[in-house]
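This report looks at helix packing and at a few individual residues. The sequence and structure come first.

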Amino acid sequence: GVMTQIAVRMLGKFSAVVEGKALTRLTGSKVQELFAYLLIHRGRPQSREVLASLLWGDTETWRAKKYLRQALWQLHSALRSFGAAAGTMLCIDPEWIELRVAPELWLDVGLLEDAYARVSTVESSVALRPADAERLRAAVAVYDDHLLPGWYQDWCAYERERFLGIFLSLLDVLMADSEVRGQAEEGIRYGATSLRHDRARERTHQRVMRLHCLCGDRAAALRQYDRCVLALDEELGVAPSDETKQLYEEVRNGLPKYTGARQVSISSDDVRLGELLDRLKHISRNLDGYREQVQSSIKAVELVLGGASETHPARRRSPRLAAAS
């Protein structure tokens, strides 16, 4: 095939390689962040104003715009130093910045998005076409780790959750395909990969249980149910759904009648729900932190008011009430 000129990996540690040489001039973390953001939103012009506030939101507007100009210059110089193809990818005008999609660009997250777009319309009760199955396998193979681990910016947390949702949906399709073709062991492997990244994903546990049944391994299906119960309890504090419990009863009373692959949902709703769950967990963690701060502040106020409490009975009561609440 044609030699890849520019290869960028963002699933795992960020790396940009041009003709086998690393883009060493992308050393600044903000230049990398700008490049990563533009790559994820490639082909869509981005407003300078939005980029400046997104990447330097904690500084004054004029300074944020200055930092953006410097980062753009560094990024443009780094790309241009690798020749015409790389140099023309970045399109800059006074108001908008766009990273153009170039045929020379290989992007790991792009593989995921392309595969997702290709199969989101596929009927799940029939086997995938070999070319589509191959495309999916290649896409899930590049998912070494979550998007840019160690980057804690809000936009990155959102995109990380979106790409995880896409990855898990692609594994759903591959599992459904394995089920239709009667390749249970292959499907179970995809299930194990899925659960490594999201151990409390109930529908994956259900599908793995059915795949074990397809092998005739009832004991493995029952053990999978136990793992599902434990993961749901530890991760989310919930019990399995009625559907999962019903499947468990079917397995316990004899192997459930095999009826081919169940419908596999690959709607964007799943991805949005995943994002929502991630945000709720994030808020919950923050609330725990705030609760601790409030409790320590209450104790500090109680200490300060301790001496004055004899002369101010109302004050004596309120911190305790606050602590109780």
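## Helices H8 and H9

Ala-184, Gly-187, Ile-188, Gly-191, Ser-194 and Leu-195 in H8 meet Thr-204, His-205, Val-208, Leu-211, His-212 and Leu-214 in H9. Contact here means heavy atoms within 4.5 Å. By class, this contact of H8 with H9 holds six nonpolar, six polar and no charged residues. Ala, Val, Leu, Ile, Met, Phe, Trp, Tyr, Cys and Pro count as nonpolar; Asp, Glu, Lys and Arg count as charged; the others, Gly among them, count as polar.

H8 spans residues 184–197 and H9 spans residues 202–214. Their axes lie 9 Å apart, and the packing angle is about 155°. Axes are lines fitted to C-alpha atoms, for helices over the stretch in contact, and angles run from 0 to 180 degrees between N-to-C directions. H8 and H9 are therefore roughly antiparallel to each other. The angle classes are roughly parallel under 35 degrees, roughly antiparallel over 145, roughly perpendicular from 65 to 115, and oblique for the rest. H8 passes H9 in a left-handed crossing. Left-handed means that the near helix is turned anticlockwise from the far one by less than a right angle; clockwise makes it right-handed.

## Model and overall content

This is a predicted model: local features need pLDDT of at least 70, side-chain atom pairs count only at pLDDT 80 or more, and totals for chains, interfaces and linings use all residues. Residues are numbered from 1 along each chain as its sequence is written, and side-chain values use heavy atoms, with hydrogens and water left out.

The protein has 13 helices and seven strands. Helices (H or I, at least four residues) and strands (E, at least two) are DSSP runs, numbered from the N terminus. Of the 325 residues in the protein, 42% are buried. Buried means under 20% relative accessible area, exposed over 50%, and partly exposed in between (1.4 Å probe, protein chains only). Take the contacts between residues at least 6 apart in sequence: 66% of them join residues at least 24 apart.

## Helix H7 and its partners

H7 covers residues 154–181, and H5 covers residues 108–119. The two axes come within 10 Å and cross at roughly 50°. H5 and H7 are therefore oblique to each other. Their crossing is left-handed. From H5, the contact uses Val-109, Leu-112, Glu-113, Ala-115, Tyr-116 and Val-119. They meet Arg-162, Phe-163, Ile-166, Phe-167, Ser-169, Leu-170 and Val-173 in H7. The residues of this contact divide into ten nonpolar, one polar and two charged.

H7 also packs with H9, at an angle of about 20° and with the axes 11 Å apart. H7 and H9 are therefore roughly parallel to each other. H7 passes H9 in a left-handed crossing. Asp-172, Met-175, Ala-176 and Glu-179 in H7 meet Arg-203, Thr-204, Arg-207, Val-208, Arg-210, Leu-211 and Leu-214 in H9. By class, the contact of H7 with H9 has five nonpolar, one polar and five charged residues.

## Two loop residues

His-41 sits in the loop between helix H1 (29–40) and strand E4 (46–47). His-41 is buried, at 12% relative accessible area. Its side chain reaches the backbone oxygen of Tyr-37 at 2.9 Å. Not counting residues up to four places away in sequence, His-41 touches Gln-46 and Glu-159.

Leu-148 lies in the loop between helix H6 (130–141) and H7. Leu-148 is buried too, with a relative accessible area of 1%. Its phi is positive, about 40°, although Leu-148 is not a glycine. Most residues other than glycine have a negative phi.

Leu-55 is in helix H2 (residues 48–55). At 3% relative accessibility, Leu-55 counts as buried. Leaving aside neighbours within four places in sequence, Leu-55 is in contact with Lys-30, Glu-33 and Leu-34. Leu-55 and Gln-153 are 98 residues apart along the chain, with 8.6 Å between their C-alpha atoms.

Ala-138 lies in helix H6. Ala-138 is partly exposed, with a relative accessible area of 36%. Ala-138 and Leu-112 are 26 residues apart in sequence, and their C-alpha atoms are 8.8 Å apart in space. Leu-112 also belongs to the contact of H5 with H7.

Notes:
A polar contact is a pair of N or O atoms within 3.5 Å; within protein, one must be able to donate a hydrogen and the other to accept it, and residues adjacent in sequence count only if both atoms are side-chain atoms.
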